[in-house]
Amino acid sequence: MEITAKEIEQIVKTVLAGLESGSAKAGAAVAQASPKGDRGVFVRCEDAIDAAYEAQKNWYMNYKVEDRERIIAAIRKVSLEHAEDFARRVRDETGMGRYEDKIQKHISVINGTPGTECLKTDAISGDAGLMLEERGPFGVIGAITPSTNPTETIINNTIGMIAGGNAVVFNVHPGAKRTCAYALQILHDTIVENGGPAGLITMTAEPTLETVDILTSSPRIRLMVGTGGMPMVNSLLRSGKKTIGAGAGNPPVVVDETADIKLAAKEIYRGASFDNNLLCLAEKEVFAVESIEKELIYNMISEGAYLLNPAQTETLLGIVFQKKDGKYSVNKKWVGKNAGLMLEQLGITDKPDTRLLICEVPHDHPFVMVEQLMPVLPIVSCRDFKEAAEFAVIAECGNRHTASMFSKNVDHMTYFAKMIETTIFVKNGATLKGVGIGGEGHATMTIAGPTGEGLTCAKSFTRFRRCQLADGGLRIV
């Protein structure tokens, strides 16, 4: 039986009311209306997989590529209409980041995620026949999404994965499950209303480690895609399934003596303060040649950064980090919090709108070596460019995720790029530009450095298939 537009509107209003109440009961109400699922959200992970499996068969066998693009266009439209809504809900549920920056992230992935246009066919024709190599779907994909970019990743993955002919079962971060369910149901409704199959995107209402195990062990899941920390990525790699892993980063910035210092200060400030530094590709530490370090700091203060003195730096370290058995780790309750709230902890109450804290520290300081996801940017003074590059490679910890450099010396930039080996390398700009936010190239929230796919798109979620027409058939020369 078809659901009318009026009935859909009433359902959405009911879901909204439940989500906004903030109670545990309301949070679970999204998916428990029926054990068979509520517009893509299921109580049992196994049922979410089964629904996606049937939808994918239908999607692959009965829909053309032009149908995929038509439905993706509708997804972009409805996502743009809800970008502000999604951003506010993510901020309210997770308590992390900045609402205005989250709107920009949503718009970036909505407009910048490629559809079917990146699925190119290769053809070779010769005396022995005609060979076509095309990109076919894997089938059903299991996708793990983070709390730092929850709905952005769902939109980004949905566009890329269904463009490749797949269906997807999401296992979202528990800290963002209500907003993710709300967003997924809106996208699911849009797919169905535009003639697509129900169940093409699904999720479980109560995501847990157990539901991840169900995904990785199901024979109906052909590919796992994980966006988040390295422990999660490593767990998926051990599952035995084909895995695309987007892990952690600790992106360093090198500023040498030839750099445009005002430009460097402006761009580093913009990138490191954006959404309270929640993006894994955001600038996490700066290595500045000592001859220009003070000038860089002066210009960053001019941009709006607050310079901590050594005592304040160590006090803040004790607040936002934890130490156990001699090792430092981030105090998660401070991840993505406003810099102004951190200043309040230091007794500074007249700077509530501060977006970024900066501090001068040695190259092996915990603020340098541990990925923070907070608007605290350590700056290390280095004797020369070579020392800055060496310290940056150490701090990046082999993640090979993102790095940047401000310089007018091509040899320096080339040397550092080869040394650091990151998936994204940005020269003379905020690292945001490396993921399509203000720069060229497509956008993504799944940057697969550990498994080598890089900035993922529809092509990443497909497999090569070769079709051979032998004995010179179809050739006219």
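**Note on side-chain packing and charge pairing**

1. The count of salt bridges comes to 22, a salt bridge being a side-chain nitrogen of Lys or Arg within 4 Å of a carboxyl oxygen of Asp or Glu. The model is predicted, so local features need pLDDT of at least 70 and side-chain atom pairs count only at pLDDT 80 or more, while totals for chains, interfaces and linings use all residues. Residues are numbered from 1 along each chain as its sequence is written, and side-chain values use heavy atoms, with hydrogens and water left out.

2. E93 and R178 form a salt bridge at 3.8 Å, N to O. This pair links distant parts of the chain, with E93 in helix α5 (residues 83-94) and R178 in helix α8, 85 residues apart. Helices (H or I, at least four residues) and strands (E, at least two) are DSSP runs numbered from the N terminus. E93 counts as buried at 19% relative accessibility; buried means under 20% relative accessible area, exposed over 50%, and partly exposed in between (1.4 Å probe, protein chains only).

3. R355 and E100 also form a salt bridge, their closest N and O atoms being 3.4 Å apart. R355 is in the loop between α14 (339-345) and β14 (357-360), E100 is in helix α6 (residues 99-112), and the two are 255 residues apart. R355 is buried at 19% relative accessibility, whereas E100 is partly exposed at 39%.

4. A further salt bridge joins the side chains of E206 and K177 at 2.6 Å, N to O. E206 lies in the loop between β6 and α9 and K177 in helix α8, 29 residues apart. Both ends are partly exposed: E206 at 32% relative accessibility and K177 at 22%. Elsewhere, salt bridges that share partners join R98, E100, D101 and R355 into one network.

5. The largest nonpolar core has 74 residues, of which V169, F170, I201, M203 and L215 touch the most other members. Helix α8 (residues 177-193) gives the most to this core, with eight residues. A nonpolar core is a set of buried Ala, Val, Leu, Ile, Met, Phe, Trp, Tyr and Cys residues joined through side-chain atoms within 4.5 Å. Another core, of 39 residues, lies apart from it and includes V335, L346, V361 and V368.

6. In helix α9 (residues 209-217), the residues T211, V212, I214, L215 and T216 are buried. Their cover includes α3 (45-62), β4 (140-144), β5 (167-171), β6 (201-204), β7 (221-227) and α10 (230-237). T216 is buried at 15% relative accessible area. Leaving out residues up to four places away in sequence, T216 touches M224, L236, S239 and K241, contact meaning heavy atoms within 4.5 Å.

7. The aromatic pairs number seven. Rings of Phe, Tyr and Trp (its six-membered ring) pair if their centres lie within 6.5 Å; planes under 30 degrees apart count as stacked, over 60 as edge-to-face and the rest as tilted. W59 and Y63 have ring centres 5.1 Å apart and planes at 45°, so this pair is tilted. Both W59 and Y63 are buried.

8. F321 and F367 pair edge-to-face, at 5.3 Å centre to centre with 85° between the planes. F321 is in strand β12 (residues 321-324) and F367 in helix α15 (residues 366-369), 46 residues apart. F321 is buried at 4% relative accessibility, and F367 is buried at 0%. Together with Y328, F321 and F367 form one aromatic cluster.
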